[in-house]
Each structure stands twice: as C-alpha cells, then as structure tokens.
Amino acid sequence: MEQIIFPVPGICEFLTKETKYRLFTTTEQDEQGSKVSDFFDQSSFLHNEMEWQKKLRSMPLMYWFSRRMTLWGSISFNLAVFINIIIAFFYPYVEATSMGVLDSPLISLLFWILICFSIMALFTKRYGVRPLLVALILRSIYYLGIGLTLNILGALNLTNKIVFVVSFVGNRGTFIRGYKAMIMDVEFLYHVGYIVTSVLGLFVHELFYSILLFDLIYREETLFNVIKSVTRNGRSILLTALLALILVYLFSIVGFLFLKDDFILEVDRLPDSKAKDDPLGMQRNVETFMESCSSDKISCSAAPTALEEADPEQWERACDTLLMCIVTVLNHGLRNGGGVGDILRKPSKDESLFPARVVYDLLFFFIVIIIVLNLIFGVIIDTFADLRSEKQKKEEILKTTCFICGLERDKFDNKTVSFEEHIKYEHNMWNYLYFIVLVRVKNKTDYTGPESYVAQMIKNKNLDWFPRMRAMSLVSNEGEGEQNEIRNLQDKLNTTMKLVSHLTSQLNELKEQMTEQRKRRQRMGFVDVQNTMNH
C-alpha cells in the first residue's frame, strides 16, 4: 500500500451536502460486504452533478430556489393538510353556509385565540408559523368564504409545488440527462403527478386534494416501509390470495349443489318511490282509518296486527346461481370472523343435512379464515420485520464499519489510530471520489505514476486499487505489535527459567534433608538392635 498526496480539483467543492448524505446512507454492499463497487458505479453520476452544480452557480435565481428544496416540500405538505381540513369540516359549502357556521362568533373567537398562540409560538420557536397560518385561513374563510379561500390555497399549493419541481430539477440536473433519464426517474414522475393532482383539485373538483395526503408516505420512511412490506413479497401474497379464491370457488360449488336453501340472507330494501314522495302517507291513512272506526263504534283492535303483517322482514335467496353463490361466499365469508357460516340459515339438529352443515362451516373457518388469511398476514408482518432488521443492520454498519476498507471499529481498539481518525483522515471516502474526479479531468500527459496506474484500473473497471480489509496504520501497528509480543515472550521465558532454577535448588535441598533423615533413622534402628541382643 502507498499513500498518495494530490490536489483536490476545484469542481469537487460543488458537491452538495444532500448528495453526500444520500450517497453515504443508500450505497449498497456487495457480496463481500464492501460498498466500493456501488460507490465506484455512482462516481460518474456524481461527477456530472458537480458539473451541473457549477453551471447552476451562474443562474442565481434557480440556485436560490434549489437551495431551499426542503422548505418548498414542507410548505406543500402543510398546505395540502390545511386544504383537506377545510374540506372535511365545511364540504358541501352550501350546507355550511345555511347552517350559519360562517356567521358564528366562534370563528372570530378561534381567530384571536390562534393569533395569541401564534405570537407565543414565535417566541418559543416550537411550532413555527403554523398557528398564524391557521388564524389567517380562518379569517379568510370568515371574510372571503370557503370556496374562494380554497381556490387561493390551491393556487398557492400549485405554485409552490412548481417551484419545488424547479428546485428538484435544479438540484439534480434532471434536464441535462436527457428525456429517457427523466422518464425513468420515478421521483421526478411522482412530483409531476403531484402537480397534475393539484391542477385537478383547483379546476375540476376539490375532492382531488385528498390524494395529496399520500405525500406523507413519500416524506416518512416508516410509512414507506409499511407499503414496501406489501409490495416486496407481492408475488407470494398474490399466489396465496389466488389459493384463497380457488378454495372459495370450491366451497361455492359445494354450497350450490347441496346447501342452496341455506343461503338465505336478510336484506334492507330501499323505500319505493311513493314512500319517498309522501313518507307520512301511511301514517295519515292509519289515523283516518282509526277515526272512521271510532265514529262507527266498531272495534279496531285487529288493524295494527294487519299492518304489522303487511311489513314482514325482507329475505332473499343468495345462491340460486353459481355466480351469485361465489359472490356471496367471497363477500360475506371472508369478511365475517366465523366464515360463511355466520350469514347462513341456522339449521335444526333434526335436519338430514345438519352434520354436513357443521362440517362445511368448520372446514371453511379452519382452512380459509385461520390458515389462508393468516398466511397472507404472516407474509406481510414478516416482511415488515425484515425491513426493520435490515434498516437497523444498515445503521449499525454505517456506525461501526469503514466505508472504504470494510474494517470494523473493534479492529482499531488499543491502536495508535482510532476508528474516527481512520475514517476521517486515512480512508476518507470523499478523498477517493476526489481522486477519481482528478484522474478524469486531468490531462493524461500530466499523470504521475500512481495516477496512470489508477486511470488504467478505472478504465478496466478494476477495483483492486481500493484497500479492502487493509489499512496502513494497522500494518505498522502489527509490525510493532509482533516485536512487542516477542519481547514479552522472551521476558516470560526468562522469568520461567529463573523460577525453574529456584524450584530445582529447593528440590535438591529437600532431597538432601530426606537423605539425612533416612540415615539417622537407620542409625537409631541399629542401636536398638544392639541393646536388645545385650539383654
């Protein structure tokens, strides 16, 4: 490995902070766990963006708009929320006006309360100008009316979104990449769709503004992962749903062949035209009939019974055709917690098909409701859990792994260079990008030896010049560590030899002492034998 000192090209200063953050957080790892390959693939795009940002500086107005892209996005979302709140409270506007909502002193009271609250919020800098905007919107509704206020807010939202798209294009340089790149840019198409929806809400119908609330999914990564948990394993979910449809079809056939008379549903029919034209007509007829009975002195006690019998509960057969049977099982069977048995006729235990009904209801409940539907829910929940684990793992990798070499933080423990110093000075990812840009903008005749080598490697798309799982600081530290380890082993060996010598001397002394004791015992035993013989 060799350390290279090079001049940073002037164009590199035009790389924006937003692009740096997006590249750092979205670069994917390869099979070896390195991000270098994806980083290298994006280097051409980053170089083009630097060129565009340099041109953008010569257009002050567009540059001013592009620098405030986040602000325009927040304004668009807040305006969409305010517009939909007004629609939810006051639509349709004729009824709101006829009810006297706009003439109520409550509007004026809310206005002054929000004015006071907005002044406090401006001092605390917690809620920003939102309370003041709400107060101005209420005042506009009170003086100008709901429709005109909505048109003003819709025009402001449309204008602001156009400014946002101009900022987006100016920040990304979308136009200079060609029409094909624009069409393939999903994010750009999303913002264009937002503008189209705003135009429909402003000129066609106000209820189109409700679609703008889906912008919350674009702004919040958590909600985006919720949607992604459904679309990521869409094939598995669709196949499981197809299995559910097949089972519903089979159960519908069985119901059509054997249980047709059990598919009797209670329905609530709409009143007829006569009842709509004169809803009090029946009541007036009853009162007239009662008056005539009392004048003729005739008992009218049987009249209510006749009226009650004239309006029986409405029932309808729902399985006279196989198609209607399929629709009934699909509609009511999947939506009821107990399956299709919850909406069928309750049979008597004395009926011949009672055991078949019990088996039919239980099989539908266990197979379709418990197994198949829970399979779909399980796929969605598992996918969401996987996405959350991947996010946590990615955040952990960003915090504990070097972007260039892939070494982890613990490799730099007890070393002369810390992990933070390593990623900031030794393996700064932006220095590698600046070196790639230098090789591309510099004249080939002015290349140095390392620059010629790297230029050839870049041309061949060979990434071996990136240090993978290596660092110069660790190499030097490893050499010093080996020498220190040898010294430590030698010291330990000397200490062990001294200890062995000391133990050997002690063992010899102990051996001599045991020999002396043995000789003394032998002499004492010889003396005792002599004394015994003398006696």
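Ground rule before I start: I call it a contact when heavy atoms sit within 4.5 Å. This is a predicted model, so local features need pLDDT of at least 70 and side-chain atom pairs count only at pLDDT 80 or more, while totals for chains, interfaces and linings use all residues. Residues are numbered from 1 along each chain as its sequence is written, and side-chain values use heavy atoms, with hydrogens and water left out.

**Entry: F466 and the cores**

I looked up F466 to begin with. Leaving out residues up to four places away in sequence, F466 touches V36, I404, Y432 and I436.

Next I asked which residues have the most contacts inside the largest nonpolar core. They are L433, W465 and F466, in a core of 38 residues. For my own record, a nonpolar core is a set of buried Ala, Val, Leu, Ile, Met, Phe, Trp, Tyr and Cys residues joined through side-chain atoms within 4.5 Å. Buried means under 20% relative accessible area, exposed means over 50%, and partly exposed is in between (1.4 Å probe, protein chains only).

Helices α2 (36–41), α3 (43–56), α21 (429–441) and α22 (449–459) each supply at least two residues of this core. The largest share, 10 residues, comes from α21. I take helices (H or I, at least four residues) and strands (E, at least two) as DSSP runs, numbered from the N terminus. There is also a second, separate core of 28 residues, which includes F82, L153, V165 and M182. In soluble globular proteins, nonpolar side chains tend to be buried together.

**Entry: α3**

I checked the length of α3. It has 14 residues and reaches 20 Å from first C-alpha to last, close to the 20 Å expected at 1.5 Å a residue. The expected span is 1.5 Å times one less than the number of residues. The buried residues of α3 are S43, L46, H47, E49, M50, W52, Q53 and L56.

**Entry: whole chain**

I counted up the chain: 23 helices and two strands. Of its 535 residues, 32% are buried. Among contacts with a separation of 6 or more, 69% are between residues 24 or more positions apart. The accessible surface comes to about 35600 Å², and 62% of it belongs to carbon and sulfur atoms. Those areas come from the Shrake-Rupley method with a 1.4 Å probe; for residues, only the protein chains shown count as cover.

**Entry: cysteines**

I searched the whole structure for disulfides (cysteine sulfur atoms within 2.5 Å) and found one. The pair is C319 and C325, with sulfur atoms 2.2 Å apart. Both C319 and C325 are buried. The S-S torsion is about -85 degrees, so the disulfide of C319 and C325 is left-handed.

C405 is buried, at 3% relative accessible area. C12 is buried too, at 4%.

**Entry: the loop between α22 and α23**

I went looking for positive phi. K461, a residue other than glycine, has phi near 55 degrees. K461 sits in the loop between α22 and α23 (472–534), and it counts as exposed because its relative accessibility is 68%. M469 is found in that loop as well, also with phi near 55 degrees and also not a glycine. M469 is exposed, with a relative accessible area of 53%.

Is E451 buried or exposed? At 4% relative accessible area, E451 is buried, and it lies in helix α22. Its side chain makes a polar contact of 2.8 Å with the side chain of K442. By polar contact I mean N or O atoms within 3.5 Å; within protein, one must be able to donate a hydrogen and the other to accept it, and residues adjacent in sequence count only if both atoms are side-chain atoms. A polar atom of the E451 side chain also lies 3.1 Å from the backbone nitrogen of T448.

V439 is in helix α21 and counts as buried at 5% relative accessibility. Beyond its neighbours within four places in sequence, V439 is in contact with Y447, E451, V454, A455 and I458. V439 and I458 are 19 residues apart in sequence and 9.0 Å apart in space, C-alpha to C-alpha.
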